[in-house]
Amino acid sequence: MWYKSVGHGDFEEPITFDGLRMSKEEDSIWFRPTELQDVGHYSCVLRNSTYCMKVSMSLTVSENDTDLCYNSKMKYLEKAELSKGKDILCPDIDDYIQPGKDPELVWYKECKPKQWRQSIVRRKDMLSIKEVREDDIGNYTCELTFGNFLVRRTTELSVTASSSPLQSQIIELLNTEFDLIQS
């Protein structure tokens, strides 16, 4: 049985599924599509003759920022080092992929289609950058068609200078000296 409450401490109301926009499928609730009114706390109660278990979760629904294909408060964060390789995954899309089929993803940078350079390769559910450059900093959005809906995930990539072997040795030496001083 599924229940919904709008805030912590509010009464939980049983959910009536219409089977159209909101449906119960196995142990999941599906919203096709989500709406702002779906925000709230959801609980699933499983009972049999010997036990009762309750699992709770919250759902946040937000509109995209003005002129963007994502909400800046709801994006994933990744870090990469200059001159090194980096894979940017299209996260949490497993429920939208048919078994045995590779997802057909479209990738955008800053919400715009992009002509990717040769050292950036699109693979199944990821964008693979062979050698990260400074101009790779930004927001990458993957888009997947699921029925009549679009599923989007955005990852913000930040890039830092790569550490040299000499820098690593200096840090290791400083840490060793710090440990000796503390002893």
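A salt bridge is a side-chain nitrogen of Lys or Arg within 4 Å of a carboxyl oxygen of Asp or Glu. The model is predicted: local features need pLDDT of at least 70, side-chain atom pairs count only at pLDDT 80 or more, and totals for chains, interfaces and linings use all residues. Residues are numbered from 1 along each chain as its sequence is written, and side-chain values use heavy atoms, with hydrogens and water left out.

**View A. Salt bridge between Arg 21 and Asp 38.** Searching the whole structure gives 11 salt bridges. In one of them, the side chains of Arg 21 and Asp 38 meet at 2.8 Å, N to O. Arg 21 sits in the loop between strands S2 (13–14) and S3 (22–25), and Asp 38 in the loop between strands S4 (28–31) and S5, so the bridge ties together parts 17 residues apart in sequence. Strands (E, at least two residues) and helices (H or I, at least four) are DSSP runs, numbered from the N terminus. Both Arg 21 and Asp 38 are buried. Buried means under 20% relative accessible area, exposed over 50%, and partly exposed in between (1.4 Å probe, protein chains only).

**View B. Salt bridges of Glu 81 and Asp 135.** Glu 81 pairs with Lys 84, their closest N and O atoms 3.5 Å apart. Glu 81 is partly exposed, at 28% relative accessible area. Lys 84 is partly exposed too, at 39%. Asp 135 pairs with Arg 133, with 3.0 Å between the closest N and O atoms. Asp 135 counts as partly exposed at 46% relative accessibility, and Arg 133 does so at 40%. Elsewhere, salt bridges with shared partners join Arg 21, Glu 35 and Asp 38 into one network.

**View C. Disulfide of Cys 69 and Cys 111.** A disulfide is a covalent bond between the sulfur atoms of two cysteines. The cut-off used here is a pair of cysteine sulfur atoms within 2.5 Å. By this rule the count is 2 disulfides. In the link of Cys 69 and Cys 111, the sulfur atoms are 2.3 Å apart. The torsion about the S-S bond is -85 degrees, and the link is left-handed. Cys 69 lies in the loop between S6 and strand S7 (76–81), and Cys 111 in the loop between strands S9 (105–109) and S10 (112–113), so the pair ties together parts 42 residues apart in sequence. Cys 69 is buried, with 13% relative accessible area.

**View D. Disulfide of Cys 90 and Cys 142.** The S to S distance is 1.9 Å. The torsion about the S-S bond is about 80 degrees, so this disulfide is right-handed. Cys 90 is in the loop between strand S8 (86–89) and S9, Cys 142 is in strand S13 (residues 138–146), and the pair links distant parts of the chain, 52 residues apart. Cys 90 is buried at 4% relative accessibility. Cys 142 is buried at 1%. With the bonded cysteines numbered in sequence order, the pairing is 1-3, 2-4.

**View E. Cys 44 and its closest cysteine, Cys 52.** The sulfur of Cys 44 is 9.9 Å from that of Cys 52, too far for a bond. Cys 44 is buried, at 11% relative accessibility.

View F. Strand S6 (residues 52–59) gives the most, 3 residues. Tyr 51 lies in the loop between S5 (40–47) and S6. Tyr 51 is partly exposed, at 45% relative accessibility.
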